[in-house]
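Good morning, and thank you for making time for this presentation.

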Amino acid sequence: MHKQQILIAGCGDVGSTLGLALTAAGHKVFGLRRTINQLPAGIQGITGDLTNPASLSGQLPRCDILVYCAAASNHDEAGYRAAYVGGLANVLTALPAAPRLLLFTSSSGVYHQADGSMVDEQSPTEPDRFSGQVMLQAEQLALSCGINASIVRFSGIYGPGRNHLINQVRSGLGAPALPEHYSNRIHRDDCAGVLQHLINLHLQGEALAPTYLASDDTPATLHEVSQWLATTLGVPINTNQALRRGGSKRCSNTLLRASGYRFIYPDFRAGYSAMLQQLPPT
Ligand SMILES: NC(=O)c1ccc[n+]([C@@H]2O[C@H](COP(=O)([O-])OP(=O)(O)OC[C@H]3O[C@@H](n4cnc5c(N)ncnc54)[C@H](OP(=O)(O)O)[C@@H]3O)[C@@H](O)[C@H]2O)c1
């Protein structure tokens with residue numbers, strides 16, 4: 001496969017995992033973030049602030065593929081808009097030439113459904129919170145910028161270092177059985193795997209869909225997940241309370257699977273089992 005120049009803008013947990021895999025596959029990878037000393041060896045760092053056009057001007061390499069996977073560090077509306085809409089616009093302006101492919105990482109937070117129904121790429125998106133609304137604006141920018149682009153909507157990312165739910169269960173908290181609250185997740189390694197899979201399809205000459213919903217094979221209720229974790233950890237659940245905000249829905253990955261992707265961690269049991277093996281005993 002012809003060696004590609006790939007820029008990962010917002011090269012954090014998912015971006016670095018992807019970058020290492022792409023480097024191993026022989027591509028040249030640039031990782032842009034504000035603190036490049038946190039990048040793994042093999043990814044060429046570019047120091048830049050996506051919200052500051054002056055910091056990007058003249059700094060970006062010519063690239064074949066742009067992966068935009070920055071995450072907002074300020075969680076108010078202005079912070080979201082700056083990171084997702086403004087940041088993407090700033091990178092597109094600063095690039096010396098248009099890439100042949102843009103992958104933009106979005107979120108299942110664009111869906112408003114809260115009745116446990118199944119959602120896919122065709123489902124309506126009418127989020128009532130600014131986070132979903134701003135993400136939809138960024139998606140529209142990516143899809144209308146004139147570059148061949150695909151949106152990848154991740155559900156809740158879990159994996160190494162993301163121990164919040166494990167710690168909640170360890171402290172005796174669980175989610176109630178009712179009202180039923182479906183949750184959806186994707187392991188960090190599958191986030192990177194999905195992005196690499198789509199890049200490979202593109203390099204094989206296949207046309208990508210405008211949007212992919214990237215979530216594992218098995219939506220599960222938070223009650224089921226917290227009960228399983230408690231049993232596996234051997235700890236009691238003393239208090240049941242709502243552990244998450246957000247609507248109850250079930251994310252379908254049918255389109256992604258039809259494109260040939262197979263999940264490394266197809267359900268929460270597989271992903272959390274791997275995580276628990278890496279955790280030090282308490
Ligand atoms: N967390 C979830 O459950 C979830 C769910 C759905 C979708 N997503 C999306 O998935 C994508 C990947 O997330 P992740 O877990 O890899 O996030 P992450 O580990 O927090 O990485 C985000 C990266 O963005 C960089 N960044 C943030 N603001 C920047 C700025 N102004 N200029 C330059 N770089 C900036 C950060 O580096 P510096 O701080 O060094 O700049 C960091 O390296 C994101 O788009 C996120 O919104 C996340």
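Predicted model: local features only at pLDDT ≥ 70, side-chain atom pairs only at ≥ 80, totals over all residues.

P40 sits in the loop that links strand 2 to strand 3, the latter covering residues 44-47. Its relative accessibility is 22%. Buried means under 20% and exposed means over 50%, so P40 counts as partly exposed. Along the chain, P40 and T17 are 23 residues apart, while their C-alpha atoms are separated by 9.0 Å.

E126 is placed in the loop between strand 6, residues 115-119, and helix 4, residues 130-144. Here the relative accessibility is 53%, and therefore E126 counts as exposed. From C-alpha to C-alpha, E126 lies 10.0 Å from G109, and the two are 17 residues apart in sequence.

Between strand 9 (173-174) and strand 10 (182-183) one finds P179 in the loop. The peptide bond that leads from L178 into P179 is cis, and its omega is near -5 degrees.

I now turn to the strands and how they pair. Strand 1, residues 5-9, pairs with strand 4 in the parallel sense, over four bridges. Within that pairing, I8 has V67 of strand 4 as its bridge partner. Strand 4 also pairs with strand 5, again in the parallel sense and over four bridges. In this second pairing, I65 stands opposite L101 of strand 5.

Strand 4 itself spans residues 65-68. I65 and V67 point one way from this strand, L66 and Y68 point the other way, and all of them are buried.

Continuing across, strand 5 pairs with strand 7 in the parallel sense, over six bridges. F104 has I151 as its bridge partner in strand 7. Strand 7 pairs in turn with strand 12, residues 211-214, in the parallel sense over four bridges. I151 takes part here too, with T211 as its bridge partner in strand 12.

How well covered are these strands? Of the seven residues of strand 5, six are buried. For strand 7, residues 149-154, six of six are buried. Both faces of strand 7 are covered: A149, I151 and R153 lie on one side, with S150, V152 and F154 on the other.

Finally, I come to the ligand. How many residues surround the ligand? There are 25, and the closest are R34, T35, L50, A70 and R162. By class, this shell holds ten nonpolar, ten polar and five charged residues.

For R34, a polar side-chain atom lies 2.7 Å from an oxygen atom of the ligand. For T35, the corresponding distance to an oxygen atom of the ligand is 2.4 Å. In the case of D49, a polar side-chain atom lies 2.9 Å from a nitrogen atom of the ligand. Taken alone, the ligand exposes 910 Å², and the protein buries 81% of that area.

Which elements give two or more residues to the shell around the ligand? They are helix 1 (13-24), strand 2 (28-33), strand 5 (101-107) and strand 8 (156-158). Strand 5 gives the most, with three residues. This brings us back to the paired strands, for strand 5 pairs with strand 4 and with strand 7. Thank you for your attention.

How values were computed:
Residues numbered from 1 in each chain as written. Heavy atoms only, no water. Near = heavy atom within 4 Å. Polar contact = N/O pair within 3.5 Å; in protein donor to acceptor, adjacent residues only side chain to side chain. Areas by Shrake-Rupley, 256 points an atom, 1.4 Å probe, with all protein chains shown as cover. Nonpolar A, V, L, I, M, F, W, Y, C, P; charged D, E, K, R; others polar. Buried < 20%, exposed > 50% of the residue type's maximum accessible area, 1.4 Å probe, protein only. Pairing = 2+ DSSP bridges.
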